[in-house]
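Trainee: I'm new to this one. Could you walk me through it?

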Amino acid sequence: AYNFSKKNNVPVIFNQNGWFYPAWYNGDWKKRNQTIIKLQKISKKVIYQSKFCKSASKKLTNYINKNSSIIYNPALIKKNTSIKKVSNKNNIFNIIVTGVFGEESRHILIPILKSIDYLDKKKLSSLIFKIKIYGVIKNDMKKSNWFGEYKKLYEKLFKKGLAFYCGRYDHKNLHSVLKNINLAIHAKYKDPCPNAVIEKLQLGIPHVYSNSGGTPELIGNSGLPINVKDSW
């Protein structure tokens with residue numbers, strides 16, 4: 001890209017999302033971040049996808065590109081598209097979680113399934129809480145040391161009609177996927193600028209979310225934060 005830029009006098013614009021750090025990357029994370037810095041330095045402009053992405057640059061590399069802007073991701077939803085307020089027919093309250101789930105996703109899926117199980121046991125409300133999981137479950141999650149715990153919890157709730165794995169979705173059927181959803185959960189830790197959140201916010205769906213990363217910037221007052229420790 002740099003050679004093409006020099007040859008054709010076209011500037012390189014670098015779009016900076018997340019960074020490498022020990023919690024999710026087992027390799028030489030400092031070296032990988034230095035490669036990103038090297039690329040940023042030969043770029044005409046750097047776009048940080050959230051304030052978090054910019055502050056993470058300072059914390060992890062002690063570098064921030066001076067010629068930069070913060071531009072959040074767009075959501076590919078047609079104009080004038082909205083979700084009607086869902087009535088609690090039969091007292092059912094539908095919750096959704098979406099993502100690409102791998103070995104590092106225990107902190108997302110296990111607490112969510114345990115919460116649904118807890119609500120079912122305690123009967124704290126007349127509502128019946130159901131969780132719908134959309135997205136991809138990767139092979140490394142199936143090989144993880146916690147997959148057995150996930151599978152046992154999921155199967156227990158599935159038999160009760162309280163948990164459903166619905167597979168992939170795309171923008172063509174996004175409206176039909178979300179039309180009966182009362183609440184979204186976004187528990188991914190330090191998510192830089194999640195498209196999944198932006199999509200649902202544009203359709204007026206509130207969130208319970210991890211108060212970390214770039215997610216709070218997107219949600220603002222449209223959800224309930226779960227406070228978490230700040231750790232890399």
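Predicted model: local features only at pLDDT ≥ 70, side-chain atom pairs only at ≥ 80, totals over all residues.

Trainee: How far apart are the end C-alpha atoms of helix 2 (residues 29–41)?
Mentor: Start with what you'd expect: helix 2 has 13 residues, and at 1.5 Å a residue they should span 18 Å. The model agrees with that, since the end C-alpha atoms are apart by 19 Å.

Trainee: Which elements do the buried residues of helix 2 pack against?
Mentor: The buried residues of helix 2 are Trp-29, Asn-33, Ile-36, Ile-37 and Gln-40. They cover an arc of only 100° around the axis, so they sit on the same side of helix 2. On the other side, Lys-31, Lys-38 and Lys-41 are exposed. The buried residues pack against strand 1 (13–16), strand 2 (45–48) and helix 3 (51–61).

Trainee: Okay, on to the largest nonpolar core. Which element gives the most to this core?
Mentor: This core has 27 residues, and those touching the most other members include Ile-95, Phe-101 and Ile-131. Among the elements giving two or more residues to it are strand 4 (92–101), strand 5 (128–137) and helix 6 (147–159). The one that gives the most, with six residues, is helix 4.

Trainee: And how many residues are in the second, separate core?
Mentor: Look for Phe-14, Tyr-48 and Cys-53, which are among its members.

Definitions and conventions. Residues numbered from 1 in each chain as written. Heavy atoms only, no water. Helix = DSSP H or I, 4+ residues; strand = E, 2+ residues; numbered from the N terminus. Expected span 1.5 Å × (residues − 1). Buried < 20%, exposed > 50% of the residue type's maximum accessible area, 1.4 Å probe, protein only. Arc of directions from axis to C-beta. Contact = heavy atoms within 4.5 Å. Core = buried A, V, L, I, M, F, W, Y, C linked by side-chain atoms within 4.5 Å.
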